[in-house]
Amino acid sequence: MEYQDFFRRAVQDLREEGNYRVFAELERKCGNFPEARLLGQDNDVSIWCSNDYLGMGQHPKVLSAMHAALDRCGAGAGGTRNISGTSLEHIELERELGDLHGKEAALLFTSGYVSNWSALGTLGAKIPDLVILSDALNHASMIEGIRHSGAQKRIWKHNDLSDLERHLALLPLEQPKLIAFESVYSMDGDIAPIAEICDLADRYGAMTYLDEVHAVGLYGARGGGISEQEGLADRLTIIEGTLGKAFGVAGGYISGSVEVVDFIRSFSSGFIFTTSLPPAVAAGARAAIQHLKESDWERQMQRRNVKSVRAKLDAIGVPHIDNPSHIIPVMVGDPVKCKYISDRLLAEHGIYIQPINYPTVPKGTERLRITPSPVHSAEDIAHLIDALEALWAECALARQPLAAQ
């Protein structure tokens with residue numbers, strides 16, 4: 001085989017399909033989120049698709065905590081916690097996370113991807129005869145963790161309680177089961193029926209594993225996610241989350257009982273053999289969590305801006321998926337046009353929105369995923385809407401009928 005030719009052809013196929021990924025070279029401006037600068041240029045751009053949903057990656061409390069920890073502890077953790085020990089910052093952050101979700105314990109990982117892959121992989125591999133029932137739209141990290149575990153799996157239709165119950169009813173009542181699902185789904189922005197899933201878990205003797213990565217910090221009186229908002233955290237076996245989205249830093253975690261957390265800590269290769277988070281990162285995450293436990297301003301301002309963007313999109317007929325979350329998927333439906341609009345927004349309007357194409361979403365559902373932040377101004381919103389209206393007309397894309405607005 002001519003290996004290099006194979007690599008070139010595979011990538012060229014992606015280009016021709018309009019699905020080749022191009023990463024914008026941006027440098028965030030400290031203290032000025034959502035502004036950034038294109039590398040090598042003087043042009044400032046406004047970021048409209050960041051997962052730093054509340055701008056906490058630029059918050060003075062977070063930066064101050066990280067500077068202090070850097071001065072106190074240095075740059076890195078020195079290796080795995082097994083080899084180099086657990087720092088005070090790791091211990092305090094895990095306590096903070098357990099408290100956030102009303103759980104006895106928590107365990108840090110290097111990312112949300114790793115926490116899902118490691119936790120689900122460990123549970124599936126180590127619990128005899130476990131069947132994992134996975135929502136059809138679960139994140140790739142969950143899918144890979146389940147696959148890696150080698151456990152039996154059942155995939156149920158997205159947010160479909162009848163289909164979930166059908167799968168549960170086919171299994172022996174005494175067989176170990178785990179229902180794995182998300183709270184907020186990141187591409188469509190819809191929300192799982194958590195209470196009803198917990199009811200089915202109770203009825204059929206299943207554990208529950210909830211991925212709250214797109215909800216922590218954003219929902220609930222203290223930022224504990226949808227499970228806190230709906231008063232359901234105590235009914236969930238494991239709540240998984242990230243420190244790299246609304247908390248603005250990096251890392252992932254699970255929370256649950258002392259027993260389940262210690263079990264995963266003791267058997268998960270993704271924890272045991274991975275260098276731990278730098279203490280400064282842990283300190284920044286803890287500062288963000290503490291702030292959002294007490295401050296609701298960021299959440300309220302974000303919701304106001306989400307509502308404003310949705311209303312203005314409706315007013316110009318640009319189609320977007322209606323959902324109860326902070327994620328606004330603007331539907332283009334064509335990979336080439338989706339990439340073209342994204343490129344034009346950046347080059348001519350100073351607006352950065354990464355196109356979302358296959359395989360992240362099914363073909364024919366290509367979109368621009370907009371995530372308004374608390375610090376986007378009314379002028380920012382008006383500029384975004386004007387640019388989208390012009391490009392929508394230029395690309396002759398379908399609009400929502402006025403009667404549906």
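1. Let's start with Ser-186, which is buried, with a relative accessible area of 13%. You'll find Ser-186 in the loop between E7 and H8. Leaving out residues up to four places away in sequence, Ser-186 touches His-214, Ile-327 and Arg-369. Keep in mind as you look around that this is a predicted model.

2. Another buried serine is worth a look. Ser-46 sits in strand E3, which runs over residues 44-47, and Ser-46 has a relative accessible area of 13%, so it counts as buried. What is Ser-46 in contact with, once its neighbours within four places in sequence are set aside? The partners are Pro-34, Gly-350, Ile-351, Tyr-352 and His-376.

3. Now for the inside of the protein. The largest nonpolar core has 50 residues. Leu-97, Ile-179, Phe-181, Ile-194 and Leu-243 are the ones with the most contacts inside this core. Several helices and strands each supply at least two residues of the core: helices H4 (88-100), H7 (161-169), H8 (194-204) and H12 (279-294), along with strands E4 (105-109), E5 (131-135) and E7 (177-182). There is also a second, separate core of 32 residues, which includes Leu-38, Ile-316, Ile-341 and Leu-388.

4. Asp-163, Leu-164, His-167 and Leu-168 are buried in H7. Why do these residues lie on the same side of H7? They cover an arc of only 140 degrees around the axis, and that puts them on the same side. As background, an α-helix has 3.6 residues a turn, so residues three or four places apart point the same way. The buried residues of H7 pack against E5, E7, H8 and strand E6 (152-156).

5. Is Met-207 buried, exposed or partly exposed? With a relative accessible area of 24%, Met-207 is partly exposed, because buried means under 20% and exposed means over 50%. Met-207 is in strand E8 (residues 207-211). Ile-132 is 75 residues away along the chain, yet the C-alpha atoms of Met-207 and Ile-132 are separated by 9.4 Å. Leaving out residues up to four places away in sequence, Met-207 touches Ile-127, Leu-130, Lys-177, Leu-178, Ile-179 and Thr-237.

6. On to the charges. Side chains of opposite charge can pair when their charged atoms come close. The count here comes to 24 salt bridges. One of them joins the side chains of Asp-5 and Arg-8, at 2.8 Å from N to O. Both residues lie in helix H1, 3 residues apart, which is about one turn of the helix. Asp-5 is partly exposed, with a relative accessible area of 33%, while Arg-8 counts as exposed at 54% relative accessibility.

7. Glu-35 and Lys-29 form another salt bridge, and their closest N and O atoms are 3.3 Å apart. Glu-35 is partly exposed, at a relative accessible area of 36%, whereas Lys-29 counts as buried at 16% relative accessibility.

8. What about a salt bridge that links distant parts of the chain? The side chains of Glu-92 and Arg-286 meet in a salt bridge, 2.6 Å from N to O. Glu-92 is in helix H4 and Arg-286 is in helix H12, 194 residues apart. Glu-92 counts as partly exposed at 23% relative accessibility, and Arg-286 is buried, with a relative accessible area of 18%. Elsewhere, a network of salt bridges links Glu-96, Asp-99, Arg-222, Glu-228 and Lys-293.

9. Finally, have a look at the surface. Met-1, Tyr-3, Phe-6 and Phe-7 form a nonpolar patch there, and together they have about 500 Å² of accessible area. Tyr-3 belongs to helix H1 (residues 3-17). Tyr-3 is exposed, with a relative accessible area of 52%.

Notes:
Residues numbered from 1 in each chain as written. Predicted model: local features only at pLDDT ≥ 70, side-chain atom pairs only at ≥ 80, totals over all residues. Heavy atoms only, no water. Patch = residues over 30% accessible without salt bridge, like charges linked within 9 Å, V, L, I, M, F, W, Y side chains within 5 Å. Areas by Shrake-Rupley, 256 points an atom, 1.4 Å probe, with all protein chains shown as cover. Salt bridge = Lys/Arg side-chain N within 4 Å of Asp/Glu carboxyl O. Helix = DSSP H or I, 4+ residues; strand = E, 2+ residues; numbered from the N terminus. Buried < 20%, exposed > 50% of the residue type's maximum accessible area, 1.4 Å probe, protein only. Core = buried A, V, L, I, M, F, W, Y, C linked by side-chain atoms within 4.5 Å. Contact = heavy atoms within 4.5 Å. Arc of directions from axis to C-beta.
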